[in-house]
Amino acid sequence: MADEEYNFTLLEQKWQRQWEKTGLVRAIRPGRPNFYSLNMYPYPSGVLHMGHVLNYTIGDVVVRYKILRGYNVLSPMGWDSFGLPAENAAIRTGVSPHDFTENNIERMRGQMRRAGWLYDWNREFATSHVDYYRWNQWFFLKLFEKGLVVKKTAPVNWCDSCQTVLANEQVKDGECERCGSSVTQKDMNQWFYRLSEYAERLLAGHDKLRGHWPDAVLAMQAEWIGKSVGAEVEFRVRETGEPLPVFTTRPDTLWGVTFMSIAPEHPLVEKLTRGSPYEREVATAVQRMRNLGTSVKELAEREKEGVFTGFHVINPVNGAEIPLWVANFALMSYGTGAVMSVPAHDQRDWEFAKKYNLPIIKVIDPPDGSGPESWTGAYVGSGAIVNSDQFSGQPDNFQAIPAIVDWLADNGKGGKRVNYRLRDWLLSRQRYWGTPIPVVYCDTCGIVPVPLKDLPVVLPTDIDFTQGQGNPLLRSPSFVNCKCPSCGKPAKRETDTMDTFVDSSWYQFRFADPHNDSLPFAGEKIAEWLPVSQYIGGIEHATMHLMYARFFTMALHDLGLLDFEEPFERLFCQGMVCKVAYRCEVCKWLPSEDVMVVQQDGKRELEPEAAEAVFKRIENQSLTPDGLAAEGLALICRRSGDPVRFEMTKISKSKLNIVDPDAMMDRYGADTVRLYVLSDSPPDRMQIWTEDGVNGSWRTINRLWRLVMDSLAKVAPVGSVVPPDLTGVDRELRRKTHQSIGRITEAIEGGYQFNTAIARINELLNFLRSSRDKANPAVLREVLEVIVITLSPIIPHFAEECWAKLGHLESVFLHTWPEFDPEAARLDSVEIPVQINGKVRERLQVPPDLAAAELERLVLENTKVQGLIAGKTLVKVVVVPGRMVNLAVR
């Protein structure tokens with residue numbers, strides 16, 4: 001048996017069959033606490049990537065660890081299967097989105113099983129199945145009744161070629177991700193969930209989540225909610241008397257407003273300029289502005305642009321008439337869509353005013369008393385208020401704000417207001433592959449919700465996706481034409497489908513009761529498992545998905561369907577898996593095989609072996625671009641001959657630095673891949689993928705395999721008791737074993753620091769190798785079993801086989817996590833350094849729990865110490881029990 005090879009292919013298949021047969025993760029044991037572990041489910045693209053591997057391996061370690069700790073664990077998996085890629089594939093190939101999706105699901109399910117991730121596949125569902133999306137429609141109708149669904153006109157990203165609305169994430173550099181056409185802003189009448197009604201509750205809920213969710217996620221959500229406390233001030237258009245309310249957090253600068261800016265999509269733009277001499281110029285400029293991207297990054301980097309409307313507004317605080325401009329930095333999504341512009345004290349306004357030669361009036365005096373004529377930019381600091389009527393002379397502008405707000409309210413010019421950046425959730429998508437919105441349009445009755453009894457509204461199958469652009473549902477008469485549920489007359493169905501974020505906003509509840517065909521879930525099932533104990537996924541979902549899921553939970557609570565308001569008790573965000581990527585300015589991203597290493601002087605290509613060494617150093621981050629140049633080397637594109645640069649970046653198909661999990665498992669086995677992704681860095685940090693690293697994990701597993709196999713003839717039988725009063729190597733080995741149990745457990749419980757846990761296990765392994773041949777057989781069994789059990793969540797197939805080789809008949813996961821024995825871990829003695837005037841002069845071996853007074857006595861009675869301080873005055877004795885003693889003498 002000692003010569004038995006580690007055949008990962010056979011062993012991993014063997015234990016995966018066994019786990020499925022015994023239903024390890026389905027077993028519910030009465031009397032045990034419940035733990036619900038949920039990983040963010042994937043879109044079924046057809047192939048897992050290394051980000052999935054890290055995410056789902058972390059989740060699997062948590063599941064197996066909690067089973068060993070005595071929990072009943074719910075670990076489900078499903079598919080976020082609606083979405084644009086399947087529809088794109090249908091347009092491109094003619095394969096229906098349903099068939100495309102189901103084929104991908106089957107392929108990815110096989111990959112997941114191969115990785116050894118424990119899921120209760122009896123709970124599996126796909127959101128594109130009608131028995132799931134019917135409940136999206138049910139929730140829509142319930143929220144419609146509650147007043148939380150509204151149809152209204154709003155600006156959206158529109159692709160004219162695809163004839164559909166795009167989310168901001170689907171607009172890349174002003175172009176449609178699907179077809180590459182230019183994207184414009186368009187006003188459309190669409191369906192929304194009233195997310196903004198929950199802004200304050202979503203923000204207040206952070207108090208409960210703080211300490212259990214990453215601070216970065218809460219900060220990103222708070223930024224997205226965008227709560228601002230300020231004032232609403234009532235400006236008016238001079239020429240028409242139209243009110244133009246403005247929200248500002250800086251009412252202290254009202255007297256410095258020199259122009260007003262409104263968003264390109266503000267309804268006043270068209271209303272005021274229609275028929276005016278400025279109509280054509282304004283319309284052209286507005287169209288140009290609305291064709292540009294609206295991401296935060298694009299807005300920050302974009303050159304400020306505007307157009308004068310020909311109209312003016314009256315400043316209510318001083319009666320000043322100021323020009324009304326349309327500006328590309330004003331947003332309808334913030335405040336009222338109008339911005340009072342104070343160029344003296346806002347850098348963005350300063351740049352705009354300088355570009356268009358607009359006045360700049362100082363109302364906050366800097367400490368040096370200087371003015372705009374000598375400034376190179378806006379003054380944004382604090383100072384005394386000037387040029388502001390009765391508020392001039394106030395020594396601190398920020399402290400004066402409450403008094404200014406009160407004055408506005410008292411004089412009918414405005415008042416205090418809380419504003420939120422968070423806007424309503426746009427549901428409507430002009431696509432086929434999504435949940436049909438359950439509404440019909442009747443010429444007699446208007447908008448009519450589909451009755452609950454008539455659900456589900458099912459997607460039609462009579463569509464040729466290769467014919468024409470736009471929403472395919474419009475080309476299905478069998479779907480569009482219907483009867484009005486209210487009057488029975490001919491009517492038309494809504495052809496928009498729901499945003500796919502709806503699917504993932506409540507899926508965590510469906511997993512608790514996946515086969516319920518009369519309700520989305522039963523209350524008793526929810527009470528059994530929810531809220532989710534541990535949610536795991538990427539921080540890129542901090543705002544949209546996680547915010548929508550929180551909103552949905554609060555809304556369902558208000559409907560009386562849930563008795564809690566937060567869906568996920570704890571959130572863990574894994575880091576990115578990164579790898580070196582190579583880029584040529586001509587050919588863009590390159591695979592490494594298209595890059596050659598050359599000598600800079602004569603452009604001579606390095607020999608393959610030398611080039612491979614360079615690539616390895618780049619991959620291991622031991623060779624930087626500067627270091628490469630310092631060695632007289634350069635990277636050149638084989639295709640174009642142009643220079644190539646490299647960077648460490650997230651693994652991505654687009655950057656051609658992909659790592660195929662299947663290929664890695666073919667070569668090394670699932671457990672080696674699992675061990676590698678968890679061993680080098682904390683799992684919430686960036687993970688660097690290198691071939692050397694995964695090779696190292698492969699060697700580690702093989703060394704451990706040989707250690708266990710070589711020890712089988714030396715261990716005591718199963719159930720042997722460790723004898724009392726151990727001495728020598730046995731005492732030390734058992735002490736280190738129980739110290740390791742404590743440290744490993746602490747690393748896992750203290751934020752899933754699996755890399756630290758693995759390091760502690762390796763330390764124990766190294767000590768075992770040096771002492772195995774001298775160890776008592778019972779002690780040897782104990783330490784081997786501790787190593788196998790503590791490694792079992794991380795490399796489960798390997799651990800199961802070793803556990804069986806050690807003579808156990810049941811799965812290692814039917815055992816329990818090893819108990820930490822503080823007495824066994826206790827040190828017999830500790831070394832105490834004795835300092836005299838700060839320098840170590842002696843070292844004593846003493847019991848670790850020796851009291852301070854006794855430790856002081858031993859030091860002062862020590863012959864060497866007495867000789868060193870003889871003839872000197874002892875000024876002070878500092879004793880730190882178990883650590884050190886310091887004597888101050890003179």
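## A tour of the cores, strands and helices

Start by selecting F140, Y193 and W689, which touch the most other members of the largest nonpolar core, a set of 174 residues. A nonpolar core is a set of buried Ala, Val, Leu, Ile, Met, Phe, Trp, Tyr and Cys residues joined through side-chain atoms within 4.5 Å. Buried means under 20% relative accessible area, with exposed over 50% and partly exposed in between (1.4 Å probe, protein chains only). Helix α2 (residues 50-68) gives the most to this core, with 11 residues.

The model is predicted: local features need pLDDT of at least 70, side-chain atom pairs count only at pLDDT 80 or more, and totals for chains, interfaces and linings use all residues. Residues are numbered from 1 along each chain as its sequence is written, and side-chain values use heavy atoms, leaving out hydrogens and water.

Keep F140 and show its surroundings. Leaving aside neighbours within four places in sequence, F140 is in contact (heavy atoms within 4.5 Å) with V149, W191, Y193, L427, I437, P438, V439 and M498. A second, separate core has 43 residues, including A231, A285, M289 and V326.

Next, select strands β3 (residues 149-159) and β7 (residues 183-193), which run antiparallel and are joined by 11 bridges. Helices (H or I, at least four residues) and strands (E, at least two) are DSSP runs, numbered from the N terminus. Two strands pair if DSSP finds at least two bridges between them. Find K152, whose bridge partner in β7 is Q190.

Move on to an open sheet of 4 strands, in the order β20-β19-β22-β21, with antiparallel pairing. The edge strands, each pairing on one side only, are β20 (446-449) and β21 (481-483). From one strand to the next, the twist averages 40°. Within the sheet, 2 bridges join β19 (residues 439-442) to β22 (residues 490-493).

Finally, select helices α1 (residues 8-22) and α26 (residues 796-805), whose axes come within 9 Å and cross at roughly 85°. Axes are lines fitted to C-alpha atoms, for helices over the stretch in contact, and angles run from 0 to 180 degrees between N-to-C directions. Show the contact residues, among them W15 and W19 of α1 and P796 and H797 of α26.
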